[in-house]
Amino acid sequence: MPTTVLRSLLAWLLVSSLAIAQSQGRPNVIFIMADDLGYGELGCYGQQKIQTPRLDAFARESLRFTQYYAGATVCAPSRSVLMTGLHTGHTRVRGNSTPERQTLLTEDVTLAELFQQAGYATGLAGKWGLGDTLAGGESGLATRQGFDFFYGYYNQHHAHNYFPSFLFKNEQRVSLPNEGNFDDKGAGKVTNKQVYAHDLILDESLNFIREHQKQPFFLYCAWTLPHANNEHKEAGIPDHGIYKDRDWTDANKMHAAMVTYLDTQVGKLLDTLDELKLRDNTIVFFTSDNGPHTESGNDPNFFQSSGSVRGTKRSLYDGGIRVPLLVRWPSKIKPGVTDHIAYHGDILATTSELVGHKLPSGLDSVSFAPTLLGRLNEQKPHEFLYWEFYEGAGARAVRLGNWKGVRPKWHAPVELYEVTQDSREEHNVAAEHPEVVQRIEQLMIEQHTPATNWPIPKANMAVKK
């Protein structure tokens, strides 16, 4: 072999070896997001009636956040905030709505695209909700927004059905043997239940890990448990499990069983990481998209699902937006508890710092990697957090240090709470602190960017169920 050719080959092998070594040294990232799981629905957050042994054990190995917030108080905008790193005054999808309004566009840079650009394999299993092929369009589909692989539901109404007649794999429908009276969105009343969709979604989640165990990967587990079947009030779980003999309503038995089933499936994912010896080099996030629901007869008061805070889904009091967050990285993150204030929009900046993907400018995203890694003197705090809500008469909220300002309707006066002392937001002290109210009102003006698809809610609109 000529010397020049040999040198070129050796140089190529050296570069390739370095690239492989660097690739193997970067952590995998798994982001598990439950659907409508309340701040108080895990044992590690004080739950007394619902059993979550695997997540409680996981919490003991994790950093547990006590002041972490969702991107919104309902599903689609919360996921949009997570994917874009922009709060609901700036992000593309600001509410649950029609497919035309509830879709990302090509120019929207997503978390998955950043991982792709950094050389990660990217997968999503579960509910997307930010682009819908069921309506005949293709804009915003997960596979067009940075995911190499997708399995699950594109349409959120379809995702209410746990025994659907089909799911999507990438952009193709995969038929399932379940039968029923389904509409064009795939939702409807099931007449013959054969396979449980969430079991299939878990299988695809685990398959993705197995297939990509030799390279760095980002897996977004947007699992639908414990969301209710809103349209038909049918079971979202094969059976009531350990709660079947409890003296509870069927709806409460079903909800508890769904949370425990979610716990079991998280356990199976963690066991797979152990089996493949990926535990130490995989960062696992566990959280929820918003607060607990009151749908299909579920009673969050019975379970104290919001824990120590007030409100539920569709509220901008903390119960609608404060959610669990557990983060485990055994080789880097020391287990414990933190009161650092953060939200879904921070995941872009945080993962950028942890894994090295390039972060776009102009985001509403602050890295909490220093908190995760124990470098507290380096942690930059948020000046504020901001939320908008577009259903009914709308709502807005601002978290400003220890203060929380809430407009329970878009045009209502600001209510002011000192949330570190008044976690249930029961004592409105706006009259005593006009200067804080003025600052919050100014932030609500500054942080709202008008969007054609999201006109300011009218005061007389009925609340959307």
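Helices and strands here are DSSP runs numbered from the N terminus (H or I with at least four residues for helices, E with at least two for strands), and two strands pair if DSSP finds at least two bridges between them. The model is predicted: local features need pLDDT of at least 70 and side-chain atom pairs count only at pLDDT 80 or more, while totals for chains, interfaces and linings use all residues. Residues are numbered from 1 along each chain as its sequence is written, and side-chain values use heavy atoms, with hydrogens and water left out.

Strand 17 (residues 403-407) runs antiparallel to strand 18 and is joined to it by 4 bridges. Within this pairing, Val 406 has Glu 415 of strand 18 as its bridge partner. Contact means heavy atoms within 4.5 Å; axes are lines fitted to C-alpha atoms, for helices over the stretch in contact, and angles run from 0 to 180 degrees between N-to-C directions.

Strand 5 (residues 149-153) is largely enclosed by the rest of the structure, because 5 of its 5 residues are buried. Buried means under 20% relative accessible area, exposed over 50%, and partly exposed in between (1.4 Å probe, protein chains only).

Strand 4 (residues 121-127) runs parallel to strand 5, with 5 bridges joining them; Lys 127 has Tyr 153 in strand 5 as its bridge partner.

## Helix 5

The end C-alpha atoms of helix 5 (residues 197-211) are 21 Å apart, which agrees with the 21 Å that its 15 residues should span at 1.5 Å a residue. The expected span is 1.5 Å times one less than the number of residues.

Buried residues of helix 5 include Ala 197, Ile 201, Leu 202, Glu 204 and Phe 208. Among the elements that cover the buried residues of helix 5 are strand 1 (28-34), strand 4, strand 5, strand 6, strand 10 and helix 6.

## Packing of helix 2 on helix 6

Helix 2 (residues 53-60) packs with helix 6 at an angle of about 50°, their axes being 7 Å apart. Helix 2 is therefore oblique to helix 6. Angles under 35 degrees count as roughly parallel, over 145 as roughly antiparallel, 65 to 115 as roughly perpendicular and the rest as oblique.

From helix 2, Pro 53, Arg 54, Leu 55 and Phe 58 meet Asp 263, Val 266, Gly 267, Leu 270 and Asp 271 of helix 6.

## Backbone features in loops

A cis peptide bond, with omega about 0°, joins Leu 225 and Pro 226. Pro 226 lies in the loop between strand 10 (217-222) and helix 6 (250-275).

Arg 314, although not a glycine, has a positive phi of about 75°. Arg 314 occupies the loop between helix 7 (300-303) and helix 8 (318-321), and is partly exposed, with a relative accessible area of 23%. Glu 425, also not a glycine, has a positive phi near 50°. Glu 425 is placed in the loop between strand 18 (415-418) and helix 11 (434-446), and counts as buried at 0% relative accessibility.
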